[in-house]
Amino acid sequence: MEPQSDNSSEQQKVQTQQQRRPRGFAARAAAEATAIEMESTSPNDSGGGGGGKGKKEREREKERTKLRERHRRAITSRMLAGLRQYGNFTLPARADMNDVLAALARQAGWSVDPDGTTYRSSPAPPPPLHILPSPMIPYPVRSIESPVSITALKNCSTKAPLDCQTPVRRIEGNLSPAVSLDSGVVAERGPKNRVNPSQCLEADQLMRDVGPQEHVGDYTGTPYVPVYVMLPTGVINNFCQLVDPEGVRQELTQLKSLHVDGVVVHCWWGIIEGWNPQKYTWDGYRDLFDIIRQFTMKIQVVMAFHESEVNESGDIPVSLPKWVLDLGRDNQDIFFTDREGRRNTECLSWGIDKERALKGRTGIEVYFDFIRSFRTEFDDLFVEGLISAVEIGLGASGELKYPAFPEKMGWTYHGIGEFQCYDKYLQQSLRKAAKVRGHLFWARGPDNAGQYNSRPHETGFFCDRGDYDNYYGRFFLQWYAQTLVDHADNVLSLASLAFEGTELIVKIPSVYWWYKTSSHAAELAAGFYNPTNHDGYSPLFNVLKKHSVTMKYVFPRLLYSGEGNDEAFADPDGLSWQVLNSAWDSGLPIAGQNTLASYDREGYLKILETAKPRNDPDSHHLSFFVYQQPSPSLQREFGFSELESFIKCMHGNNFNPA
């Protein structure tokens, strides 16, 4: 009888499974799982190659799972990009669904606390026009210790009925943690703790009395951030001579009175090794450093392997060494090249880093010989500690980037730029990478990436759902970005040997235009593989961390103003947030440098907020700041009063604007 009972129980199990048959996507997943299981347990698996067949199928399923996950992430990134562009949602650069839900709840009129507590604010009729101005502007609110606010709130009754309240519009700002003006709550939120308007200050009287925040700009007691001032290029001429020693002394005297910690000096490759290979001239720099030593100021030195053009600060033009330009006439492929074959002489192509194209030397060897000559020549300054840090120039403008935005080629802000990978050496590298990948036909640059001044939506490569995110696009961009990372790794490996024990610095640009689009086209052209569904900075920062490098971030030109940002879908603050947090997460020290854009009080305050974020739970702050001087005309217009106050704030003193 027992076998019959067993059979009946088995039949019941089968019936139960049939009743619970999954549907929709679950049915498809169950069918695929069943098919895989049947193949892995089929009689063929017991034979010679059956086990391999089941293993291959499992590997295929893993790949399909990866593709489905990648597709899901791409959809999510496009949704987030659409919410930012067309819904005016202020979502973080790496937003998750919690951020989206919080933004939707706030737009619907709910309140969302930082810990996730969500509740509906009490409904109230629109406030009379005489109570608060419209449109509403964020008002700074007096501290809870303010006598006016304390007296007013102590005289308030907490038992008034709901319909007796004077309606007050919600105020977004730095509210005291114990007081909320939007709901009239003291110490905690809740419908029972209501303020009696008959026994309180009138709302308009309270708003008039509050005025500006008492502690705006107060940086007393904040961390000490050293400030270095960049000396202009013109102090040393093209024959490596100090042009105006007395003028240098006067400028250093002025900087010393402002309590500047030190100066930044560019050592130009085109001047020092300008005429013949491995013939280095340091005379002018020796004279300059001796004068700086008299003022007991620190020196940061820039190994400048790029050219300099006349800019807003009045710097003189400096080209690459003459002997390099002569080589370039016979072999133009030593320079970066765009798709049209135009050569860019701002710096050497990274394709010759390991190619003996420079009179028997590779690019890396040329950089190292220059660095080693400097270290030997000024050994006494390193021993004294006068030279506090050395910045290694790694690309155009001394920044780690491809020269994708050359103004001499016709580029203007806010064009997407062009890929610079068409010299024969980088093309050989691309061909080798495609062959290793098994797709030799991928050994080409994209033919639909537009021109220097194109917009992303005008191209087939950078537009939404464009080729940048297909198999070929991901391969090409990964190779393009990895070439940048490898260049940094190769140069820093030797620089860290030459400058052992000295702080090394690498300058990272801020390519913030088109940041609100899904492709981040300008960043891709500059060599940062950072679309919305890929983190392009962490791999680079891991290499900088390996060599104990300080990352110097150039604050965006439009960080201070929204002018032109909407048309370019730019997000300077969003990019700065991503780069700085990614670097801090990687354990990198971070320094800052301004651009030649804004020298008013608002610009200085914006830099201070980024240099010393007040609400950072980890107390992050910049390790130092480099101040790039404006042109002489701007110096006369703004003077030194704002700069003096800015330096005091960086040093942890009070900000007292003139």
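R465 sits out in the open: its relative accessible area is 69%, so with the cut-off for exposed at over 50% it counts as exposed. Keep in mind that this is a predicted model. R465 belongs to the loop between α13 and α14, and its phi is positive, about 60 degrees, although R465 is not a glycine.

H259 has a positive phi as well, about 65 degrees, and isn't a glycine either. You'll find H259 in the loop between α7 (245-257) and β6 (262-268), and it is exposed, with a relative accessible area of 52%. Here are the two together:

| Residue | Phi | Relative accessible area | Loop |
|---|---|---|---|
| R465 | about 60 degrees | 69% | between α13 and α14 |
| H259 | about 65 degrees | 52% | between α7 and β6 |

Another backbone feature to look at is the cis peptide bond joining Y413 and H414, where omega is about 20 degrees. H414 lies in the loop between β10 (387-392) and α13 (424-437).

S586 is found between α17 (572-585) and β13 (590-593), and its relative accessibility is 16%; because the buried cut-off is under 20%, S586 counts as buried. What does S586 touch, not counting residues up to four places away in sequence? The partners are F541, N542 and K545.

The largest nonpolar core has 154 residues, and the members touching the most others are Y285, F289, F374 and I392. Helix α14 (residues 471-498) supplies the largest share of this core, with 14 residues. Apart from this core there is another, of 6 residues, including L80, F89, L91 and A103. As for I392, its contacts beyond four places in sequence include V491, L492 and A495, along with M303, I371 and F499.

How far can you trust all this? The average pLDDT is 78, and 71% of the residues score at least 70. Residues 16-26 stay under 50, and the model gives them 2 contacts beyond four places in sequence. Residues 558-562 are also below 50, but that stretch has 16 contacts beyond near neighbours in sequence.

Terms used
Residues are numbered from 1 along each chain as its sequence is written. This is a predicted model: local features need pLDDT of at least 70, side-chain atom pairs count only at pLDDT 80 or more; totals for chains, interfaces and linings use all residues. Side-chain values use heavy atoms; hydrogens and water are left out. pLDDT is the predictor's confidence in each residue, from 0 to 100. Contact means heavy atoms within 4.5 Å. Helices (H or I, at least four residues) and strands (E, at least two) are DSSP runs, numbered from the N terminus. Buried means under 20% relative accessible area, exposed over 50%, partly exposed in between (1.4 Å probe, protein chains only). A nonpolar core is a set of buried Ala, Val, Leu, Ile, Met, Phe, Trp, Tyr and Cys residues joined through side-chain atoms within 4.5 Å.
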